[in-house]
Amino acid sequence: MTALVLLVVGLVVGGGGAWFVLSRHDMAGRLPYYPVARGAADPVQGTDEDTIAVDDLPVALLVLARNGRLLHAGARAQNEFAEGLGTMIRHPALQRAVSELQPGNVTEVRIEADVPVRRVVQAFVKAARWHGQPACVVVLLDATARDALDRARSDFVAHASHELRTPLAALIGFIETLQGPAANDAVARQKFLAIMARQASRMQRLIDRLLYLSRVQMLEHQRPQGQVVVAELLGRFRDELQGKPAGERAALVVHDAPPGSLRGDADQILQVLVNLCENALRYGRPQAPAVARIEVGAQWLDTGGLLLFVRDNGPGIEPQHLPRLTERFYRITQPAGRNTGDQGTGLGLAIVRHIVDRHGGRLDITSVPGEGTRCTVWLPGQPPVT
């Protein structure tokens with residue numbers, strides 16, 4: 001792909017035996033088919049094959065003035081980067097490359113942006129002329145997915161390997177015991193096998209969550225294009241909970257869904273609700289004899305946007321933990337007498353945060369010790385017209 005980008009840059013500004021145009025019209029819709037490079041072909045005498053619209057090339061292309069001002073944005077650049085295009089153009093690294101650009105050179109720049117989500121872009125910059133004035137052509141190559149993959153590998157080595165070591169060591173220890181001292185002890189065998197099954201399940205959940213988190217991160221910079229019908233979303237959520245043991249469902253109340261829909265990935269939004277509910281089921285149970293109660297619902301806001309909420313009546317969360325709950329592998333040590341023996345993977349809320357970021361939404365977690373926890377997700381959208 002990098003070779004293709006360099007070839008396109010070279011053809012656009014360096015000549016390649018044909019006339020190349022930056023678009024059929026500029027930002028103001030003026031001057032159709034403006035040529036930026038002359039080769040052997042004569043556009044007056046030539047045929048349609050002698051002219052190529054740069055917007056039709058498989059690259060995201062910009063034309064900037066030498067002071068960094070945008071003169072033209074190709075259709076592909078607008079589609080790929082959407083509202084993030086302005087951030088790319090104003091990035092100090094790109095602006096510095098444009099101001100220091102030397103004629104005849106192709107400068108490669110790495111652009112990293114973290115707002116609204118992390119995005120990594122390689123920019124190739126070369127001098128050109130636009131309507132007879134000095135300018136430069138910029139080709140943008142999205143490297144976000146590759147960067148996310150590299151970060152996932154690094155995280156696996158740094159964190160996941162440590163998380164897997166504990167259940168793996170437990171499995172090895174129980175296997176050695178069953179092969180040795182407890183080989184003929186039926187009672188011990190049944191006890192150890194049950195523990196081994198739990199540890200194996202923990203490893204499986206951890207691996208599944210890591211793989212899902214990697215997929216979410218690779219798509220995080222791409223806004224979803226599907227439609228989420230709110231009523232169908234909560235209906236699927238109810239169906240998802242039917243597969244859980246009765247003891248895990250507690251007193252679960254799913255409020256009636258409001259009408260309407262919004263743009264989003266239905267599977268991912270469903271995963272958000274499932275993860276929040278699983279956290280409430282695992283950590284949001286009050287002390288006996290109180291009965292665990294979890295409420296799930298959705299409502300449109302007058303100011304715009306859909307609000308999803310999951311609320312429990314559990315022990316609550318201490319304030320110092322709230323800012324860190326969405327960090328990967330961050331877990332709260334349960335107090336004595338409340339340890340369920342399963343601390344979770346520490347990835348559920350991290351997945352929620354990345355999905356919400358992809359949808360351009362917000363996640364808010366509020367909690368009062370002794371009174372429960374409320375998780376709310378705001379997603380952009382407009383309520384149906386009544």
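The expected span of a helix is 1.5 Å times one less than its number of residues. For H6 (residues 186–219), with 34 residues at 1.5 Å a residue, that should come to 50 Å, and the end C-alpha atoms are 50 Å apart, which agrees. Keep in mind that this is a predicted model, where local features need pLDDT of at least 70, side-chain atom pairs count only at pLDDT 80 or more, and totals for chains, interfaces and linings use all residues. Residues are numbered from 1 along each chain as its sequence is written, and side-chain values use heavy atoms, with hydrogens and water left out.

**Ground rules for the helices**

- Helices here are DSSP runs (H or I, at least four residues), numbered from the N terminus.
- Two packed helices are described by the angle between their axes and the distance between the axes.
- Axes are lines fitted to C-alpha atoms over the stretch in contact, with angles running from 0 to 180 degrees between N-to-C directions.
- Angles under 35 degrees count as roughly parallel, over 145 as roughly antiparallel, 65 to 115 as roughly perpendicular and the rest as oblique.

**Start of H6**

- A side-chain oxygen of Asp185 gets to within 3.2 Å of the backbone nitrogen of Val187 at the start of H6.

**H6 with H10**

- The axes of H6 and H10 come within 9 Å and cross at roughly 20 degrees, which makes H6 roughly parallel to H10.
- Their crossing is left-handed (the near helix is turned anticlockwise from the far one by less than a right angle; clockwise would be right-handed).
- Arg209, Tyr212, Leu213, Val216, Gln217 and Leu219 of H6 make the contact (heavy atoms within 4.5 Å) with Gly348, Ala350, Ile351, His354, Ile355 and Arg358 of H10.

**H9 with H10**

- H9 (residues 266–283) and H10 (residues 348–358) have axes that come within 9 Å and cross at roughly 150 degrees, so H9 is roughly antiparallel to H10.
- H9 passes H10 in a left-handed crossing.
- On the H9 side, the residues that meet H10 include Ile269, Val272 and Leu276, while Leu349, Ile351 and Val352 are among those in H10.

**H7 with H9**

- The axes of H7 (residues 230–242) and H9 come within 10 Å and cross at roughly 50 degrees; H7 and H9 are therefore oblique to each other.
- This time the crossing is right-handed.
- Leu233, Leu234, Arg236, Phe237, Glu240 and Leu241 in H7 meet H9 residues including Ala266, Asp267 and Cys277.

Key:
Helix = DSSP H or I, 4+ residues; strand = E, 2+ residues; numbered from the N terminus. Polar contact = N/O pair within 3.5 Å; in protein donor to acceptor, adjacent residues only side chain to side chain.
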